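Subject: Structure handover

Hello,

Here is the structure I promised to pass on. Please open it first, then read my notes below with the model beside you.

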There are 2 protein chains.
Amino acid sequence: MVDSYVRFFDTTLRDGEQSPGATMTSAEKLEVARSLARLGVDVIEAGFPAASPDDLEAVRRIAIEVGNPPHKGDNSPADGSRVPIICGLARTITNDIERAWEGVQSASRPRIHTFLATSEIHMQYKLKMTRQQVLDKVREMVTLARSLCEDVEFSPEDAGRSDPAFLYQVLEEAIRCGATTLNIPDTVGYTTPEEFGALIAGIIHNTPGIENCIVSVHCHNDLGLATANTLAGIQAGARQVEVTVNGIGERAGNTALEEVVMALYTRHATFNCSTGIDTTQITRVSKLVSNYSGISVQANKAIVGANAFSHEAGIHQDGMLKHQLTYEIMRPETVGAKQTRLVMGKHSGRHALKQRMLELGYRIEEDDLVRLFERFKLLADKKKGITDADLEALVSDELYQPKEYFKLDGLQVACGTMGMPTATVRLFGPDNQAHVHASVGTGPVDAAYKAVDAIIQAPNDLLEFVIHAVTEGIDAIGEVTVRIESSAAGQVIGAQSEVDQLRTFGGYGADTDIIVASVKAYLSALNKLLAATGQYETAGAAAAH
Amino acid sequence: MVDSYVRFFDTTLRDGEQSPGATMTSAEKLEVARSLARLGVDVIEAGFPAASPDDLEAVRRIAIEVGNPPHKGDNSPADGSRVPIICGLARTITNDIERAWEGVQSASRPRIHTFLATSEIHMQYKLKMTRQQVLDKVREMVTLARSLCEDVEFSPEDAGRSDPAFLYQVLEEAIRCGATTLNIPDTVGYTTPEEFGALIAGIIHNTPGIENCIVSVHCHNDLGLATANTLAGIQAGARQVEVTVNGIGERAGNTALEEVVMALYTRHATFNCSTGIDTTQITRVSKLVSNYSGISVQANKAIVGANAFSHEAGIHQDGMLKHQLTYEIMRPETVGAKQTRLVMGKHSGRHALKQRMLELGYRIEEDDLVRLFERFKLLADKKKGITDADLEALVSDELYQPKEYFKLDGLQVACGTMGMPTATVRLFGPDNQAHVHASVGTGPVDAAYKAVDAIIQAPNDLLEFVIHAVTEGIDAIGEVTVRIESSAAGQVIGAQSEVDQLRTFGGYGADTDIIVASVKAYLSALNKLLAATGQYETAGAAAAH
């Protein structure tokens, strides 16, 4: 009989970050990893180190800063939590496995995760390998991984469409070579809960040696069944679940962490499983990932959507407490959805700001605090009360921006129904010069973007443009997320899918003036694009153009 | 053995419209109903006629215009489809049932849907009724409904937490009194697929007379399991599914129509069920409902999210057709996700516009066409190519607005980093006068909204504010949706939950200038609020303030 503890393996920073445009900066990834540690996940898959030097570096920083016990005297709230395992993904290729080890080795509990497809269709068309070649490759590469790292996870890709007898044989080989976790992915999101539960039960029943390993499940949501399939896996004996915050990921995404956590919590009598998750952190982590990935959450999304607890209003209003029993299966407080509304005002000092940020889980360095406090005072002059959500938007905007080749120095806009929206933009460039350009456009944002394009000249397509008011009232900060695509930045390999994609870059900006926020978001995406093409790295302090 | 045809009962216009702020105008509801008919749903639950005279009127119009075969000579594409059943919801109250009948009776195939809770917790705390009283009420009210209408659906609310023996007894009574469809709701979204399948199987096995009825399932998504529960219901023998487009609805929403359709389609060999749905209409209906309800769809939402088919790009790029087999379980074309990119330009004439609108499924009256064509020409002057999405945004903005007490007559905005965003607004009021006001704000939208508030003086709280660029490129039309809440407009009863809520109003605006679109959206929501309070109805042509 297996134990009842279900391990949460979060792959927001690997499979989630592969969503088009969800690219995060290293600083953003580190902040997400810290918040995942606070949330209490057992394993953080921090990235795919072989993908690029940037990815390797991000994994390395997370391994060092989140994968180790805190230093003495450091009293940030993050440090009370257990230290999570830090994991790096690798194809069954020597270089991938060595890079993954390079990334995670500084963590106190490192893991290497390697994978190879076992279905006929993948072996024949994608890998062009025979069964024997696949078995040999698994033996060789799991052995290599285990020689570097004590904790090795192996995934047979497209397990659902593999011949069961061959699948058991591959898994047995991986176990024999030292794999300690065996992860079963439903790669294309095709199975039903019944089928997926049977697949897991069959593997547990038929694979020699599996009783000493943890069986893991990794589902995709193409048919809206990821959560149900994951729960079916748990009922069949899986004790690790691979999930992402808000269910982000390629195509329709991965299993949503918050749904599996709350199903296990709400239906404890049915599943009888425990987890290490602090449910009250869920809403905060959801918001953080939504900001940094630029993928906003639908109002009716289970658990973390804006409306998920919307019947609350009516209940409190008429005081019919009886309704709590009749219509509620969980309390918003349980997932941390009740935020303090009004926390600070124009008379709050720098110490109060630092204290509040600590309570919110942000460890702000002294230099950053100075900049943040300046922005805070500017905002407090404009807006009567500052909420936690406002503070979190300020942090995202102020502290987690990519390297700024071009910086917004001034913007002036005139628009309205008279029909000639005009924007004048002044950017401070890598040449240490101010560049000014005025443009007319179909609207104020179009005009401003045209002016930016005239200065920076980095051709791209705008894929998505969304503006949100952060909280109640339009006097709150507006948050803008954009996604741009550029052929100049080359292509990327999706890790588990190995499909080349044009590179897309997400940008984020926040300001009480949404046109200013829009320009900041565009610049943030463009700066990521410029970092990828490297055109201003080589040019040094040359003129912008 | 039951047949293999699964009926789709769409409740977007009833349970979906109960989402906070998803309130639609009658014209919007009619357009959604038309598109649902084109999609091929079997039953349209058009509303809850007893809720308000507006609701009754909307159901009546849908019954007449969508619930009947087309007139001769009318060649709009909508008319090729089967005529759906039009259904109205009613509590087990005489007045509710009579209003429901009043609403649906003009349809060629009308249905009354009535419900009563059967769980101990609901009977004791909410209804304060004994088992015998519940049985008597069901007998009385189903008999009444059947005396008016041949097609009667009955739902035992909170069936999942009811004593099975009592549940079977209630259902047997409903059947004896003439109910033809028995709908089993998982009211609080609490069950697992296994449990819900067993509940349906138990009902089918133990309820005398049920073999001559259709068993229906109605699931909620609080734990992310609505689709899996619905499919488990089908496997247990249910042959009607109650769903909403995009899964909208109270709290975390209802089962998403598109997920159940595509699971049955993609996994036909497993479920072996047929439907009347034309899958190629899914993306278009999803977009329409998203626009009118103001509830936007998450990028990684299954089937209809912007990223649902995002691996496409890479595939086409390198021409590796083999990947279609390895990573794809459905084609974007199947759900109509491949829109024609560039369809019209500045040289397109009025006939071409009308023709294209017909192809898109919009039946535009001659008067409306004149206004639409004006807007089209204005847009074509600003933007190089007009896409289908642009056209659909124009229709939403131009044709489906509420009664306009106040109309935007002029707007002038100055903003930027200099820090004094200023807006001057000119509104044309119900007194036939122009009202002008200038305000400064924290941003351009805040300034404009303050100016509007100074003129209209209808206190409200802004709950949500979102801007989307319609398609690629920021020179496309920007769409703004807002939700406001006001205590002045009174409270509403949620139908199936019977919880009072403060009234919220959604507004929609589209323009190439997002500040103009923002003001239009706010005016659209305010006009709905003014209609609800009736303050300008009584005041007649009195001065605006």
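In chain A, the buried residues of H3(A) pack against helix H1 (12-16), helix H2 (26-39), strand S2 (43-47), strand S3 (85-91) and helix H4 (94-104). Keep in mind that this is a predicted model.

Now look at the helix itself. H3 of chain A runs over residues 53-65 and has 13 residues. From its first C-alpha to its last it reaches 18 Å, close to the 18 Å expected at 1.5 Å a residue. Which residues of H3(A) are buried? They are Asp55(A), Leu56(A), Ala58(A), Val59(A), Ile62(A) and Ala63(A). These residues lie on the same side of H3(A), because they cover an arc of only 165° around the axis. An α-helix has 3.6 residues a turn, so residues three or four places apart point the same way. Turn to the face away from the buried side of H3(A), and you will find the exposed residues Pro53(A) and Asp54(A).

**The H3 helix of chain B**

Chain B has its own H3, at residues 53-65. This helix has 13 residues and spans 18 Å between its first and last C-alpha, close to the 18 Å expected at 1.5 Å a residue. In H3(B), the buried residues are Asp55(B), Leu56(B), Ala58(B), Val59(B), Ile62(B) and Ala63(B). Their arc around the axis is only 165°, which puts them on the same side of H3(B). Pro53(B) and Asp54(B) are exposed on the other side of H3(B). What do the buried residues of H3(B) pack against? In chain B, their partners are helix H1 (12-16), helix H2 (26-39), strand S2 (43-47), strand S3 (85-91) and helix H4 (94-104).

**Chain A as a whole**

Step back to chain A. Its secondary structure comes to 20 helices and 14 strands. The chain has 545 residues, and buried residues make up 64% of them. Take the contacts in chain A with a separation of 6 or more: residues 24 or more positions apart account for 68% of these.

Start with Leu89(A), which is found in strand S3 of chain A. Is Leu89(A) buried or exposed? Leu89(A) counts as buried, because its relative accessibility is 0%. Then find Gln124(A), 35 residues apart from Leu89(A) along the chain. The C-alpha atoms of the two are separated by 23 Å.

Next, go to Glu153(A) in strand S5 (residues 152-157) of chain A. Glu153(A) has a relative accessible area of 0%, so it is buried. What does Glu153(A) touch, leaving aside its neighbours within four places in sequence? Its contacts include Phe9(A), Arg111(A), His113(A), Thr181(A), Asn183(A) and Glu242(A).

**The cavities**

How many cavities of 30 Å³ or more are there? The count comes to twelve. The largest cavity holds about 370 Å³ of space. Its lining has 29 residues, and Asn221(A), Glu259(A), Lys301(A), Asn221(B) and Glu259(B) lie nearest its centre. Helix H9 (226-235) of chain A and helix H9 (226-235) of chain B each supply at least two residues of that lining. By class, the lining of the largest cavity has eight nonpolar, 17 polar and four charged residues.

Best wishes

Terms used: Residues are numbered from 1 along each chain as its sequence is written. Chains are lettered from A and ligands numbered from 1 in the order in which they are written. This is a predicted model: local features need pLDDT of at least 70, side-chain atom pairs count only at pLDDT 80 or more; totals for chains, interfaces and linings use all residues. Side-chain values use heavy atoms; hydrogens and water are left out. Helices (H or I, at least four residues) and strands (E, at least two) are DSSP runs, numbered from the N terminus. The expected span of a helix is 1.5 Å times one less than its number of residues. Buried means under 20% relative accessible area, exposed over 50%, partly exposed in between (1.4 Å probe, protein chains only). The arc is that of the directions from the helix axis to the C-beta atoms. Contact means heavy atoms within 4.5 Å. On a 1 Å grid over the protein atoms alone, a cavity is a set of points where a 1.4 Å probe fits but cannot get out, and a pocket is an open set with protein on both sides within 12 Å along at least five of seven lines; lining residues have an atom within 4 Å of a point. Grid points are joined across faces, edges and corners, and a volume is the space filled by probe spheres set on the points. Ala, Val, Leu, Ile, Met, Phe, Trp, Tyr, Cys and Pro count as nonpolar, Asp, Glu, Lys and Arg as charged, and the others, Gly among them, as polar.
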